[in-house]
Each structure stands twice: as structure tokens, then as C-alpha cells.
Amino acid sequence: YNEYKSYLRMLSKKIFNISPAMKLAYRCMSTEMYKTHNLINGEFVESSTSEWIDLHNPATNELVTRVPKSTPEEMEAAVASAREAQKTWANTSVMTRQGIMFKFQHLIKENMGELAKNITLEQGKTLIDAEGDVIRGLQIVEHACSVTSLQMGETMPGVTKDMDTYSIRVPLGVCAGITPFNFPAMIPLWMFPLANVCGNTFVLKPSERDPGAAMMLARMAMEAGLPAGVLNIIHGTHDSVNFICDHPDIRAISFVGSNQAGQHIYERGSKNGKRVQCNMAAKNHGVVLPDANKENTLNQLVGAAFGAAGQRCMALSVAVMVGEARNWIPELVERARKLRVTGGTESGADLGPVITPASKARIERLIQSGIDEGASVPLDGRGIKVEGYENGNFVGPTIISDVKPNMECYREEIFGPVLNVLEADTLDEAITILNDNPYGNGCAIFTNSGAAARKFTNEVDVGQIGVNVPIPVPLPMFSFTGSRGSFLGDANFYGKAGLNFYSQWKTVTTLWKEEDAKTAAAEVAMPRMQ
């Protein structure tokens, strides 16, 4: 608490040379109790709730802020504000909306360091990884600046005699987003910028575990010119989620998070007639063939498995070593052992803490389940002690080998710095392992054989595939195309699919008869009644 108080004082004195947007962003919290505020109709307002969630720094477990469970009246006010703002925002010119996005992306770049510091404070990831979080979200905003071409419609003259047809994209109305803790900047930026630039208003419920980055981004968006009510923020847990699913004025819901929550939101929101897109759990496999570049492959596996303490939906949490590649496991262990675990602000940090003590306990339980079911643990990160951060939620890099597909540690998404290692005799066997797994978010193959890579990409039933690329998250000109058990909905996030999700088609057919345009000569004779 005292550390954070000093941190805010430093910010107010411009030690980090912050912009006006950032000075205002830190006013999103009460100066006395450091309570996170709601954002309703362009104003950061303290909640009147009696229920608060204490948010702790994962590296120290010291109190950072208190997050409200927004009251029903506050949530209703947020939607009412969005509904009212929609009336004018939908008719705002596309050039004006584009101009706001240009200013917004500039402010994000200008304040990237401050955003990263907040992410490290609330979420725990290293500063360099936190900057990556912001950068990947910024790329979506930059892509939204292309709205003048992305939102163009279609036309066909002369579909039949004297008849023309054209289709245009129009906004849906009020949309909502529910975001996870692991990417507190990137995932909100997947949602509201694209929704807003398409002419929709938005109600965002960020994770109650680290809402600070979303609050800062909202302030920047308003400084960029986003009118009051176009973006609103509420907080909470189950009640706020159900409110979003049930409210009749909310037309579409975007969600990223766990399977249990995603299935609930998809079913409840869909029953209420809403569009819903849900990115959910994953178990991403990296298949290693013995002809792969050994040095590059081992480095890629370590980075993709343990970066962000494994708390990525695209973390490479399973390695399938094919044939003689199984002999690389000892070297893989030694590279992982050298990673530096510490507080995210430390120079040279490779990974920081996991988000909560409960998350740490769950990860450690799943490691033990692998041991109990017959797996080996050549690298065990449980019980790690980090000097200066003795109260933090730390789990060191862990490798579980001799894993079988029926083991709990394989079936469950661990969401921590744990790599499961399976072995296969052939590429066909490895492909079968992948396709028997219920998830379809991402996978990778490491090989120097074009034929093997082509076979793999054709036969695996996974939405995003990397060839010598361990985390194949597409850039925003494409869409995030997780599939099977990792996704529910019809339109994926960002790219063309995201544009389709946040807009609807309106098709107009016109008939102007050619003969109606002909001019007859003036009649000067006395009219005859015939």
C-alpha cells in the first residue's frame, strides 16, 4: 500500500514525464482509499456499493486498489449512457471516427511505459512483456484507423432493368466486452476500438483482478475525442456478467476467458438474442521433429512455454517430441532452469509471479497430479523463493515429462509456467494426439521439411498453426481464429471477422424507370376529357 502510494506521488510529480491523459487516468481512483471507479457517461465516479474486491500486487501481495462490484443502478446507468450516445455516435462521420482512432493510437504510444508499469503492478508480468501486451493491442487500434476502407460496402448497378442494389455496413448499437486478467491492455483493445470505430457504443467489464490498464486506456480514448457515453466501464464478477448477458439494449457480447465462464456467457447471451463471440481455454501443442533446427527450437519452446509465467491463452504448454527429438529433453530442462524468476520490474527478469495465491495453489496441485499418475518432473518450480518478494505468488519453470493424454495435468489448462512433454514415434502419431485433444486454439511444428510442414498444416484440426513459429497469433489484418473447444460463436476476433461481428449489413434495392426521366413537349391546346 505504501509502495503504491509513493508510486502515485511520483506519477503526480511527472517523474515518468506523463501526459495530461495519464494524470487524469490516475484520478480514476480515489485519492484516499485508492478505489477503482466506474466510468459512466464520460465521468469517473466512485461506486456506492458496499461490496469491494481487494486487488493485490502478485509479486508482494500488498494492496494496490479496491475494485467495486458495481451496483445494479450503476450498471443500468452505464447502458443508458451508451444507448443515448448511440443516437449521435452512429451518425458521426467515418472520417471523424477515424481521426479519433489516430489520436488514440498516438496517446497509447506516448504513454506505453506508464501502461506497462501499471500492468506489472497489477498483473505481475515483466515490464518488457507488459509493453508487448500494449503493443499487440495498439496494432488493433492502428488497424481500426483503416476504417475508411474496411467499412466500404458493395454495389451492383443494373441487377435487372432500371434496378440497382447496394449493401452498406451499419452499426449494431450498444455492445459489451468482458475481459480476462492475463492481457489487461491487449484484450480490451481487441474490443472497444473496433466496436467504436464501426459506430457502436460500448460497455466494458475488465477483469476485477487488474482493471487499471483499461481505465487508463479509457481516459486516453476520451482525450482523443471519444464523446461521453461512447465507452463506459463497470466492474464486478458474476452479477455484472449476468447483467450484460440479460440486458435487452446490449446487442453483442465479446468475451475472453475460461471455458466455464465462456460457455455460460454464450448460452445465456444467445438465448437473449445477442451476438456472442467467446475465446476460451486452450492446450497448445508444439510438435518437434528431429530434423528441426535444434538451437532455435529449444529456445522457442522455452520462451513460448514460460513467458508471462505461462498465463497466455496461446502459451505453448505441450511439447510433443517425435522420434529422436526425445533426446533433446535434458537440454530443454537446462535452458528452462536458467530463466530468472523475480518481480516484474527487476532488470533481466524472464518471468514474474502468477496472478493470485489461489492460482499458484492450483498450478502446484496439477503438477503433483502428474507425479501421482506416473509422470516425471525433471524441473520442479514449486517452492521457489524469490529474494525480496517472499510473499509473492511465484512458481518457477516446471517441466513434466513422460506425460500421457489421460493424465489430469494434460487434460486441464494449467495456465502457469508448466510444460508437459509427450513423446511420439511418428508425425502421424503426433497429429493424432493433437486432434484427440478437445481444444483448437493454436499449435506449432518445428521442422526443416516442407513436406512434413504441409502434411501437418493440412491434417491438424486447430485454428491457428505456426511453422517454426511457436505462438502463431495473427496480426490484425487477419483474425484470431481459434476453433473447436477454444471458441464459441460465428465471427472471430478482430480482422475481417471482427469487423463483421461489430456491424450488420443493410441492403437497398432501388427502381428508377427510364421512361420516367423522359421529357414530353408542352401541351398548349385545350385539354380534352376523354
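Student: In which strand is the place of Ser317?

Tutor: The model is a predicted one. The strand that spans residues 316-322 includes Ser317, and this element is strand 13.

Student: Is Ser317 buried or exposed?

Tutor: Not counting residues up to four places away in sequence, Ser317 touches Lys283, Asn284, Val418, Leu419 and Asn420. Its relative accessibility is 15%. Because buried means under 20% relative accessible area, Ser317 counts as buried.

Student: Is Val174 buried or exposed?

Tutor: Val174 lies in strand 7, residues 174-178. Leaving aside neighbours within four places in sequence, its contacts include Ala82, Thr201, Val203 and Ile250. The relative accessible area of Val174 is 3%, so the residue is buried.

Student: What separates the C-alpha atoms of Val174 and Leu231?

Tutor: Along the chain, Val174 and Leu231 are 57 residues apart.

Student: Which residues that line the largest pocket are the closest to its centre?

Tutor: The largest pocket has a volume of about 1,300 Å³. Its lining comprises 47 residues, and the closest to the centre are Phe181, Glu208, Arg209, Ser258 and Ala261.

Student: How many charged residues does the lining of the largest pocket have?

Tutor: Elements that each supply at least two residues of this lining include strand 10 (250-256) and helix 11 (259-271). By class, the lining has 21 nonpolar and 18 polar residues, and the number of charged residues is eight.

Key
Residues are numbered from 1 along each chain as its sequence is written. This is a predicted model: local features need pLDDT of at least 70, side-chain atom pairs count only at pLDDT 80 or more; totals for chains, interfaces and linings use all residues. Side-chain values use heavy atoms; hydrogens and water are left out. Helices (H or I, at least four residues) and strands (E, at least two) are DSSP runs, numbered from the N terminus. Buried means under 20% relative accessible area, exposed over 50%, partly exposed in between (1.4 Å probe, protein chains only). Contact means heavy atoms within 4.5 Å. On a 1 Å grid over the protein atoms alone, a cavity is a set of points where a 1.4 Å probe fits but cannot get out, and a pocket is an open set with protein on both sides within 12 Å along at least five of seven lines; lining residues have an atom within 4 Å of a point. Grid points are joined across faces, edges and corners, and a volume is the space filled by probe spheres set on the points. Ala, Val, Leu, Ile, Met, Phe, Trp, Tyr, Cys and Pro count as nonpolar, Asp, Glu, Lys and Arg as charged, and the others, Gly among them, as polar.
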